[in-house]
Amino acid sequence: MSHIKIKSLLLLVIATMTLTTQLQAQETRRIINPDITYAGNPMSLEIGGLEVTGVDGYEDYVLLGISGLTLGQQIEVPGNDITNAVKRYWKHGLFSDVSIAADSIIGDKVYLTIHLALRPRVSTINYIGVKKSEMEDLEAKLGLMKGSQITPNMINRAKILAQRYYDDKGYKNAEIMIRQRDDIANKGQVILDIEVDKKEKTKVRDIIIVGNDHLATGKIKGKLFTKGALGKIYEAGKFRNFFKPKKFTPERYTEGKKKLIDKYNEYGYRDAMILEDSVWNVDDKHVNVYIKVEEGQKYYIRNITWVGNTVYSTDYLSNVLGMKKGDVYNQKLLQKRLSEDEDAVGNNYWNNGYLFYNLQPTEVNIVGDSVDLEMRIFEGQQAHINRVRINGNDRLYENVVRRELRTKPGDLFSKDALQRSARELASMGHFDPEKVNPDIKPNYEDGTVDINWDLEQKSNDQIEFSLGWGQTGILGKVGLKLNNFSMRNLFNKNKEHRGIMPIGDGETLSLSAQTNGTYYQSYSTSYSTSWFGGKRPIQFSVGAYYSKQTDVSSYYRNTGWMNNYYNYMYGYGSYNNYYNNYEDYYDPDKSVQLIGINVGWGKRLRWPDDYFTLSTQLAYTRYMLKNWDYFLVSNGNCNNLALNISLNRSSTDNSLFPRRGSEFDLSLSITPPWSSFQKKDYANLATDRTSSTYHEEQQEKYRWIEYHKWKFKSRTYTALTNSNKCFVLMTRVEFGLLGHYNKYKKSPFETFYVGGDGMSGYSYGYAEETIALRGYDNGALTPNGAAGYAYDRMSLELRYPFMLGNTTIYGLTFLEAGNAWTSVSKFNPFDIKRSAGVGVRIFLPMVGLMGIDWGYGFDKVYGTKGGSQFHFILGQEF
């Protein structure tokens, strides 16, 4: 028995010891908040749990997915798996703090907690020290947006971009500060303050050129009326650079160095190079520029050979090139003659379908100062137009747009036709002219080309409501001009009827009414189309108008108006005495009424070129006068039946802001020579003002008006640079002559009313053509009592656009001169009245063209100097 007890006791002790050992082993693998260091040996553990803290608004599975860790994954602690998970969070960029901790290790499993802190979001961005336009530019460039998360890299990048932006604008010393502060009203969000101190624009103090033995320093720096060779780099404080840009930017400097080498190449110095250059600050506002050049020798052309040309002969291409043996090796001229000029070599190919043509001028031999050139031509096959697509048009019928195109499917490709099509589309007035650019898609494999016209529609209908103040009080005007009218739609003749409005054919319908109630009324309507019938460019127009004006001007207290008027005109009595006896009143027995109709026809010509248009108009006007003492005829009816013939040419590239091209108009208005038919003694008719039959004789004399009226008008536009926003020089020359068949029957109608803003309307000069001459009062060159039978006008305008597109704004400065004469025999184009001034033009789609000019007239007109004058402009003036 004792032996069995001893054995049982031993077994119990062993079991107890084993259980104790196992419990101790388990206790060592249950570790809360373990202290893990990379100094110890790593443990291979299984991820038993994952938890994310510190972030609201995101699902846990999204945040855990970034780590790359999953439940059940075998990892080493510490080890690369944890390190890589932390890197993933930092790389994501959303977090400002990342840490991964082991909460516990139980057995062979580890339980991890990922602590994250989100980067703050931007609630507000404040721009301090910047203009509104600059703020809009910075918003687009910096990439900082409200609601986005902000990082140090984003702030540094924004600061660099802002600094670069102001460098480009000439503020080289601008200081940019971006401050971040907590938004106390929004948790987890910050306010960014972007503070800009632009300082002064950086300008060039001195340009130091070394090594220029053959190209004079004056040519490099520029003179008063000539550009320098350094592009837009000019010295400040020099009178010769008064009208030139002086600010310094890195881009301008880089461009200027390239232009300097181009200038040397233009003079034949093909080896010219800049050996060294530097820019340093002289003070806070100025830098100095140092450039050392090596000019090399001057080269001349020795031989020019042509290779690969089969379409055109070598002699023909050499004549077109216009450069020959012995000429200076002018690389700029060579490039212009090969591809840039209107009559360049390349245009001969491109206008004949050879879209894939390519020419490489190659220097094949250089001996001493002579260069041999080989013109290597790849002509390729002729390209035919495959598809022409029109995108962006939603107001005009497709055929209305397509009929303006010179690029049609099946035609050979032509660069001239492409440019002409762009001009015609821009001139239609229905699309933004600044965005009419063809997208050319050549396909060499099948020898075709697709042309896509991506257009931007603009509204060009105009509504006018205006109020003015005149001698008789408030004058109101209501006008409607539909530039996309469709007569066919009005009568439901168009199968493609579009909406309830009769629109889509690009025709013009105008309606207007102007009145102040009692004293003045005017109504007019007109219709015109440039494609009468819709198939050919034939112009057709018809119009009608009616007006009535009642005398309200003045009553002379003592005697009749006409006697006192002539008393003043011929020197009897003083000016003050005459006008001090005036008083205004309404006299319904004194009035003039006009009623008129006209019909016109025109056709686009093919010779001399298809920019020419011949148009004719038959117009009838009836003047109904009742005691109207402001005309030579005061009572009765006068009739004006005239045929107007006009030859005009317009080749401008843009109707709102032309940069290139010209406009010419030669017109003749002619009436039948009634005096030749009537066989009356006009020499003795209506000559005695005291006669009791004087007014009846006047009525008989001018019952049918006769005259021949000649006018010439021209404008040219020259862009001073090649960019869209550039200075444009506009020149204008015009003159007009009003002749007669019978010297005793000079027409008192259709004379010229010269001076002022050129706006016609409510005035006593009802049968006159209004001609503007800024710097002088309206009609100052043809005062009351005198009629203008001849005039001339010359203008020189320098324009610059501030905004281009649907809304166009440009400024101008002008020099102007002109005059008017009471007889054609007195016409003297050199006897002119001069003026100068500045102005601005604004085109609004629904309103049209408006403007204001300030002009100063330098000369005296009838004893009175023009002086300072403001002029308001409404509508486009030719």
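Q: Which residues form a nonpolar patch on the surface?
A: In this predicted model, the patch is formed by Val542, Val599, Leu614, Leu618, Leu643, Ile645, Leu647, Leu666, Ile670 and Tyr741. Together they have about 720 Å² of accessible area.

Q: Which elements give two or more residues to the nonpolar patch?
A: These are strand E26 (612-626), strand E27 (636-650) and strand E28 (661-670).

Q: And which gives the most?
A: E27 does, with three residues.

Q: Where is Leu666 found?
A: Leu666 is in strand E28.

Q: Changing topic: in what order do the three strands of the open sheet with E6 come?
A: The order is E6-E8-E7, and the pairing is mixed.

Q: Which strands stand at the edges?
A: Strand E6 (121-128) and strand E7 (175-182) do. Each has a single partner strand, so one side of each lacks a neighbour in the sheet.

Q: What does the twist average from one strand to the next?
A: The average is 20°.

Q: How many bridges join E6 to strand E8, and do they run parallel or antiparallel?
A: Seven bridges join E6 to E8 (residues 189-197), and the two strands run parallel.

Q: Which residue in E8 is the bridge partner of Ile125?
A: The partner of Ile125 is Leu192.

Q: Which helix lies across E7 and E8?
A: Helix H5 (residues 152-168) lies across both strands, and H5 runs at about 150° to E7.

Definitions and conventions: Residues are numbered from 1 along each chain as its sequence is written. This is a predicted model: local features need pLDDT of at least 70, side-chain atom pairs count only at pLDDT 80 or more; totals for chains, interfaces and linings use all residues. Side-chain values use heavy atoms; hydrogens and water are left out. Patches are made of residues with over 30% relative accessible area and no salt bridge: like charges are joined within 9 Å, nonpolar side chains (Val, Leu, Ile, Met, Phe, Trp, Tyr) within 5 Å. Accessible areas come from the Shrake-Rupley method with a 1.4 Å probe; for residues, only the protein chains shown count as cover. A salt bridge is a side-chain nitrogen of Lys or Arg within 4 Å of a carboxyl oxygen of Asp or Glu. Helices (H or I, at least four residues) and strands (E, at least two) are DSSP runs, numbered from the N terminus. Two strands pair if DSSP finds at least two bridges between them. Axes are lines fitted to C-alpha atoms, for helices over the stretch in contact, and angles run from 0 to 180 degrees between N-to-C directions. Contact means heavy atoms within 4.5 Å.
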